[in-house]
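Work through the following exercises with the structure open beside you, and try each task before you read its solution.

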Amino acid sequence: MKYLHRRVATGLAGGLALVTGLALVATGVAPTAGASSSHKGGTLNLVGQGDVDHLDTSSIYSGTTYTIERAYTRQLVTYPATGTTSMPTNLVADIATTVPSLANGGITNGGKTYTYHIKSGVDWNTSPARQVTGADEVRGIELLCNPASPTGAPGYYESTIVGFTAYCNSFLKVKPTAAAIKAYVTSHTLAGVSASGTTVTFHLLQPATDFNDIMSLPFSSPAPVEYLKYVPDSAQFRQHTLSDGPYEIQTYKANTSIILVRNPAWKASTDSVRKAYVNKIVVTEGETSTSVQQQIQAGTADMEWDTNVPNQDLPSLVSAKNSGLDIYDAGSLDPYLVFNFQSPNEGHATSKLGVRQAVEYAIDKAGVIQVNGGSTLNAVQNQVITPGSVGYQAFNLYPSASSQGNPTKAKSLLKSAGFAKGVTLKLYYDNDDPDPAIAQVIQSSLAKAHITVQLHEVPVDNLYGNYITTPSEAKSGVWDMALVDWGPDWFGNNGRTTIQPLLDGATYQAGSSDYGDYNSASENSLINAALAASSATQSASDWAKADKQAMQDAAIVPIDIHKHAVFHSSNVHHWFIDPYSRVGDVTNVWLSK
């Protein structure tokens, strides 16, 4: 996910296949097995720093927003929250009656047709309540490439669904107004998706064994016809968000608070994934990670919203074996550095291979790890694909002693690239701790190689929403480099979830997670080969080649593979990790008071 595109545990995206899962490497007490009806009730209080990235399912791509999205949206299929030591790889039916397979007849036509049947009784919270239909699911897919707030991972759908690319190429040229968007959706047909009543059918370009996984993503949620009244994810939209989940958004105040209450249209009999124990979920924003931790430990708040456990608090919590602490390996690049290949600054410096390679050599990765929680939470990462992921093969094209950077080699590369006197680059990063400290380490280490880094700190929700996912900002040179993070969008058969969204330049558009518009014909060819591979072995080989090609091109600077520390109060029980937000599943926890 934008995973943390959205920082892990504060945001989310990724790429692999046959992953065993995300191991909880240090935890408090195991979650209780369940809760009776006597545990229903109460208000779950989440506290944090920033706001959602979006509320429209078309474009939500943040682990932070995923936290509440699970409460007001549902998908055809999904991953259940887990209380075990690894993240789930077992897809289950959500609003669909079953997960399509060859055995049950849901997958036909040699693996190129998927058919889903929506359960009766899955309703929108309209007045009166209304059944979710196949047409709603088709509309949700069509709106993924709306021109106002499109999906951050178009490649998942463009590389699988018949006609999706052509549909989107035209749609993205439409004026980003509600009237124009509605006119396009109601007058154009997406060839690869059709609906009849509560049945929806997808026709694929080629067999895709991970298509059910793609459909589990919150992107793939159905969209009610009412959404065509508003510009997607506009301020007006955010005040009229509908729900087919157990909770509905009662109040949304930008950068201040979000309140969710029970959705009277939701029927527990249709939902085996969400228990909905609490009556209300309240998100309070504007806090610091330190104040968040203090409130949770004091019991005046229950869970983190978009922050992690402050690094200075970890040693004492680990030593005390505090039952509220979980540390888990999210398989995430957190952080990594992305280049703006479109920036005109310094004679288009970041589009020059020598400049990017100089940055690769100059960064003090060991220093970043020190301020990012130390070796308990971090290990040096030298390639795009993370350990345990399909296609992972350890290599390092830009080595330095103790991973502290090699400024001498970097200066040599700069000189060869025509920057003997150095270069100045603008680095954008968010204000979520410890990113400001990480940015300073990068600035200091690159300065030794005659690379002057101008620091630009922005609110965490603005980094993605207002800057690096907006092509006009890239083309005008607002930023040259950005400090971001990423984690896998799903588990199990997830070979496409890192390389494709981050590096497939053929799918670059507004909202794309290929933030800087890296676009290599060689890389795109390897991605296409991996997607079309007929075996897991061949696919893994192609992903590995794509990884190597990206690093040869210095497309991004991997820095750190990061484990994430999350915390909850002693008031919270049935603490199961949400596979999308990577914090506790708010639809399954119950409160002791």
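**Exercise 1. A covered helix**

Which residues in α11 are buried?

Solution. Keep in mind from the start that this is a predicted model. Begin by locating helix α11, which spans residues 353–362. Next, apply the cut-off, by which a residue is buried if its relative accessible area is under 20%. The buried residues in α11 are then G354, V355, R356, Q357, A358, V359, E360, Y361 and A362. Nine of the 10 residues of α11 are buried, and the helix is mostly covered.

**Exercise 2. Two helix pairs**

Describe how α18 packs with α19, and then how α4 packs with α5.

Solution. Two packed helices are described by the angle between their axes and the distance between the axes.

Step one: helix α18 (residues 521–532) and helix α19 (residues 536–552) pack at an angle of about 165°, and their axes are 8 Å apart. Angles over 145 degrees count as roughly antiparallel, and α18 and α19 are therefore roughly antiparallel to each other.

Step two: find the residues that meet. On the α18 side these are S522, E523, L526, I527, A529, A530 and L531, and on the α19 side they are S539, D542, W543, K545, A546, Q549 and A550. The residues of this contact of α18 with α19 divide into eight nonpolar, three polar and three charged.

Step three: turn to helix α4 (residues 164–171) and helix α5 (residues 178–187), whose axes come within 11 Å and cross at roughly 150°. That angle makes α4 roughly antiparallel to α5. The contact is made by Y167, S170 and F171 of α4 together with I181, Y184 and V185 of α5, and the residues of this contact divide into five nonpolar, one polar and no charged.

Step four: look at the handedness, where α18 passes α19 in a left-handed crossing, whereas α4 passes α5 in a right-handed crossing.

**Exercise 3. Strand pairing**

What is the order of the strands in the open sheet of four strands, and in which sense does β17 pair with β18?

Solution. Strands of a sheet pair through backbone hydrogen bonds, either parallel or antiparallel. In the open sheet the order is β5-β6-β10-β9, with antiparallel pairing. The edge strands are β5 (107–108) and β9 (193–196), each of which pairs on one side only. Within this sheet, β5 and strand β6 (residues 113–117) pair over two bridges, and the bridge partner of T108 in β6 is T113.

Now move to strand β17 (residues 423–430), which is mostly covered, with seven of its eight residues buried. Eight bridges join β17 to strand β18 (residues 451–458), and the two strands run parallel. In β18, the bridge partner of V423 is I451.

**Exercise 4. Backbone details**

Where do the residues E346 and R582 lie, and is each of them buried or partly exposed?

Solution. First, E346 lies in helix α10 (residues 345–348), and its phi is near 55°, a positive value in a residue other than glycine. E346 is partly exposed, with a relative accessible area of 39%. Second, R582 is found in the loop between β22 (572–573) and β23 (590–591), and it has a positive phi of about 65° although it is not a glycine. R582 is buried, with a relative accessible area of 0%.

Methods. Residues are numbered from 1 along each chain as its sequence is written. This is a predicted model: local features need pLDDT of at least 70, side-chain atom pairs count only at pLDDT 80 or more; totals for chains, interfaces and linings use all residues. Side-chain values use heavy atoms; hydrogens and water are left out. Axes are lines fitted to C-alpha atoms, for helices over the stretch in contact, and angles run from 0 to 180 degrees between N-to-C directions. Angles under 35 degrees count as roughly parallel, over 145 as roughly antiparallel, 65 to 115 as roughly perpendicular and the rest as oblique. A crossing is left-handed if the near helix is turned anticlockwise from the far one by less than a right angle, and right-handed if clockwise. Contact means heavy atoms within 4.5 Å. Ala, Val, Leu, Ile, Met, Phe, Trp, Tyr, Cys and Pro count as nonpolar, Asp, Glu, Lys and Arg as charged, and the others, Gly among them, as polar. Buried means under 20% relative accessible area, exposed over 50%, partly exposed in between (1.4 Å probe, protein chains only). Two strands pair if DSSP finds at least two bridges between them.
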